Amino acid sequence: MSVPVRARRRPRTILPRPQQPTPSKRSLRKGTRNRTDALTGWAMISPSVLLIGVFGLVPVVWAFVLSFQRNDLQTPAKWIGFSNYRQLAHDPAFRESIRNTLVYTVLFVPITLVLSLLAAAALNRRIRGITIYRVAVFIPVVTSTIATGVIFTWLMDPDYGLINSLLHKVGLPTFGYFSDPNQALYAVVAMTVWGWVGFGALIFLAGLQGIPTDLMEAAQIDGCSKRGAFWRIQVPLLRPVTGFLLVWLTINSLQLFDEVYATTKGGPLQSTTVVVYYLYQQAFQFFHAGYAASIAVVLFIAIAVVTVVQLRLSRDPSASGGRS
Amino acid sequence: MVAVHPNPLRARRRRARRFAASAAVVALVAGVSAACSSSGGGSGGGTTITVSHGYTDIEATELKVQVKQWNAAHPSTKVNLVFNGGNDSALQKTVAGFTAGNYPDVAYEYGSSAAQLAKQPKLLDLTDKVKAADVDWSDFYPSEQQAATVNGKIVGVPALVDNLSLVYNKALFAQAGIAVPTNSWTWQDFRTAAKKLTNASTRNYGWAYVNDGSEDTVWRFLAMLWQAGGDLLTKDNKKPAFDSSAGLAALQQLRDMAVTDKSVYLDTGNDNYLNLFNSGKIGMLWTGPWDLSSINANVKYGVTYLPGYKGDHETISGPDLYMMFDHSSSRAATALKFVNWLTSAKVHLQFAIATGDLPVRKSETTLPGYQTFLKKYPAEQVFVANLDNVKHIRPNLADYAQISTAVGQMVQSVMLGKAQPADALKSGSAAVTSALAGS
């Protein structure tokens with residue numbers, strides 16, 4: 001099967017070569033032109049730089065500073081060095097929140113990826129009313145988390161919920177969902193997967209539609225089945241898209257908060273207290289802002305590391321000339 | 001002793017809290033204040049103060065009306081009313097405002113926030129100010145006075161008061177053929193009735209308990225603990241005191257009902273219980289006046305005191321406060337005058353008549369307008385009378401939120417059948433000990 005391999009290796013070289021800018025042309029007029037270019041460039045991005053600086057960088061730095069303080073946001077702060085971090089290392093509730101976050105991430109990310117891919121494949125067809133189906137799949141993404149939370153608490157109510165009542169009707173066992181400490185985290189996974197599949201499907205669909213149809217046609221002429229072509233041509237070609245989604249979903253699941261806040265509030269018995277919810281509790285219920293900031297810093301570092309690793313792993317080997 | 005209490009969680013307020021909370025997280029991470037109102041300046045010769053509140057619906061409408069009255073009568077000292085996004089997040093908003101240097105002159109706050117805000121250097125200490133004759137401080141109910149006091153310092157003026165009473169669905173009692181609750185019901189009467197009202201096949205429950213581990217879970221337990229003669233902390237607020245025979249009795253009663261009889265619907269904290277009460281699925285609630293307006297007109301209900309333990313029908317109350325913060329002496333003086341006026345018997349009774357909120361001053365019940373109030377809200381009479389059954393108050397500690405979380409976990413674990421009452425008391429007590437030590 002030479003077609004898929006080639007396709008995977010060279011997804012972006014379908015453009016005719018001469019159209020790609022060559023370095024030699026650009027280096028002709030360096031000097032002043034470059035400086036004016038740079039100034040114009042900075043002028044154009046300065047609003048964004050300013051906004052990101054004020055709302056992005058400054059807070060990050062401030063949170064970092066805060067993490068070395070005892071600070072209740074009201075009385076003067078006290079410098080306590082690494083005290084918050086030391087305390088964090090021995091905090092069983094924090095450890096539990098990490099465990100919950102990891103369990104959540106390990107379930108949420110792969111399930112969402114696979115379901116998104118399948119949904120995208122199903123939506124990548126020319127059939128009557130396809131727009132309606134596409135909108136239907138995407139609607140959960142634009143639905144407010146709070147609304148989703150309220151709807152799911154009702155759907156998954158152990159006594160009056162639609163899901164249990166259906167299970168009961170067909171003679172299957174029913175569940176406690178959000179009210180059972182052993183099931184609540186999985187219920188949150190189910191709810192968030194539902195909310196995110198539309199987003200994943202949208203990205204995958206865009207990726208699928210970017211794949212030239214002649215590749216698929218060629219495969220079919222070579223006698224490849226539709227299913228085979230999907231798994232051996234389209235899915236490998238979606239590698240950059242999958243990589244992006246993997247990183248994006250992982251970051252989001254490590255930062256899970258809204259859905260927990262809207263449904264279980266970390267309970268029952270802290271079974272859904274994820275890291276950011278714990279941070280929220282420390283910062284805005286107990287007013288331990290310094291301690292909460294140290295949690296934020298730890299989470300920031302963890303996400304940075306995970307993201308770098310994921311980006312490396314999901315990088316297209318052909319782009320850097322081989323596996324890194 | 002001092003008083004605290006995260007106020008009853010009203011359904012509508014609670015919804016608002018979620019949005020506000022995400023905003024609050026952004027505020028911390030952003031380190032930029034989450035938008036408080038612009039502070040009123042002293043322009044044009046007069047003084048303008050900012051009053052922030054989280055009232056919605058009828059209460060918000062009436063407050064606006066009253067502020068308009070004040071502004072018409074006091075052209076040189078104007079009040080600028082600002083909605084803070086919901087009372088559930090008032091504390092977070094106010095604190096963020098201090099961080100940004102942009103805070104209201106007067107803020108409506110839950111009693112539970114009193115101890116936190118008492119730390120605020122800008123807070124106006126009212127201890128001497130309430131001694132003025134025109135304030136008539138002793139006219140406020142004692143539990144309100146206590147809720148406004150932190151370490152002997154008076155930090156706010158009572159803005160709203162309520163308490164827990166027993167609300168029951170008359171039709172369900174008639175259907176089950178059992179006598180309706182009375183003011184002298186015992187815990188056993190309550191348990192028996194709840195069991196009779198429960199029907200697994202129709203998914204009917206005798207009682208609903210908010211079992212999300214929040215203060216909503218805690219305060220119903222506290223009422224039972226106090227009835228049984230126990231208390232949350234020792235008198236000096238230094239140690240937990242609920243690992244006692246009273247604590248055991250209260251938790252055992254909860255376990256007997258929720259686990260043994262399965263006669264309790266365990267609400268996960270989304271206020272589903274009220275919809276279920278409206279649908280005739282739940283026979284009895286322990287709730288406050290704020291829920292009455294959400295009960296459908298076709299549901300006929302009655303109200304009594306909470307069932308008692310050996311004749312003690314103590315309940316728990318949640319006074320909220322107007323707290324004042326210093327900008328300048330003229331603004332502080334205006335703030336004080338305005339709050340005094342707003343919480344005076346005559347003006348507050350107007351508010352009560354319009355909204356169905358309980359009187360905050362004892363003398364309101366002696367005014368002629370009070371009869372109008374009772375005629376308009378007949379069910380409120382029990383709640384007003386029940387204010388006399390408020391004996392204890394929650395400890396007014398800055399770390400109360402942590403204590404509450406520990407106790408909430410304890411009650412939750414028993415209700416879910418995950419722990420035996422005696423074991424739960426031990427671990428709950430240990431958790432509270434470490435919360436107190438961490439302060």
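Predicted model: local features only at pLDDT ≥ 70, side-chain atom pairs only at ≥ 80, totals over all residues.
Residues are numbered from 1 along each chain as its sequence is written, chains are lettered from A and ligands numbered from 1 in the order in which they are written, and side-chain values use heavy atoms, with hydrogens and water left out.

Me: How many helices and strands are there in chain B?
Reply: Helices (H or I, at least four residues) and strands (E, at least two) are taken as DSSP runs, numbered from the N terminus. On that basis, chain B holds 16 helices and twelve strands.

Me: What percentage of the residues in chain B is buried?
Reply: A residue is buried under 20% relative accessible area, exposed over 50% and partly exposed in between (1.4 Å probe, protein chains only). Chain B has 439 residues, and the buried share of them is 62%.

Me: Which residues have the most contacts inside the largest nonpolar core?
Reply: A nonpolar core is a set of buried Ala, Val, Leu, Ile, Met, Phe, Trp, Tyr and Cys residues joined through side-chain atoms within 4.5 Å. The largest such core has 81 residues. Helix H11 (residues 329-342) of chain B gives the most to this core, with five residues. Those with the most contacts inside the core are Tyr322(B) and Phe338(B).

Me: Is Val432(B) buried or exposed?
Reply: Val432(B) lies in helix H16 (residues 421-437) of chain B. Counting a contact as heavy atoms within 4.5 Å, and leaving out residues up to four places away in sequence, Val432(B) touches Leu233(B), Pro240(B), Phe242(B), Ile403(B), Ala406(B) and Val407(B). Because its relative accessible area is 0%, Val432(B) is classed as buried.

Me: What separates the C-alpha atoms of Val432(B) and Leu233(B)?
Reply: Leu233(B) is among the residues that Val432(B) touches. The two residues are 199 residues apart along the chain, and their C-alpha atoms are separated by 9.2 Å.

Me: Which helix gives the largest share of the nonpolar patch?
Reply: Val60(A), Phe300(A), Ile301(A), Val305(A), Val309(A) and Leu313(A) make a nonpolar surface patch of about 580 Å² (Shrake-Rupley method, 1.4 Å probe). Leu313(A) is exposed, with a relative accessible area of 63%. The largest share, five residues, comes from helix H15 (residues 289-314) of chain A.

Me: What is the angle between the planes of Phe64(A) and Phe68(A)?
Reply: Rings of Phe, Tyr and Trp (its six-membered ring) pair if their centres lie within 6.5 Å; planes under 30 degrees apart count as stacked, over 60 as edge-to-face and the rest as tilted. Phe64(A) is partly exposed at 43% relative accessibility, whereas Phe68(A) is buried at 15%. Their pair is edge-to-face, 5.4 Å centre to centre, with an angle between the planes of 80°.

Me: Why is the pair of Phe257(A) and Tyr277(A) stacked?
Reply: Phe257(A) is buried at 4% relative accessibility, and Tyr277(A) is buried at 2%. The ring centres are 5.8 Å apart, and the pair is stacked because the planes lie at 25°.

Notes
Patch = residues over 30% accessible without salt bridge, like charges linked within 9 Å, V, L, I, M, F, W, Y side chains within 5 Å. Salt bridge = Lys/Arg side-chain N within 4 Å of Asp/Glu carboxyl O.
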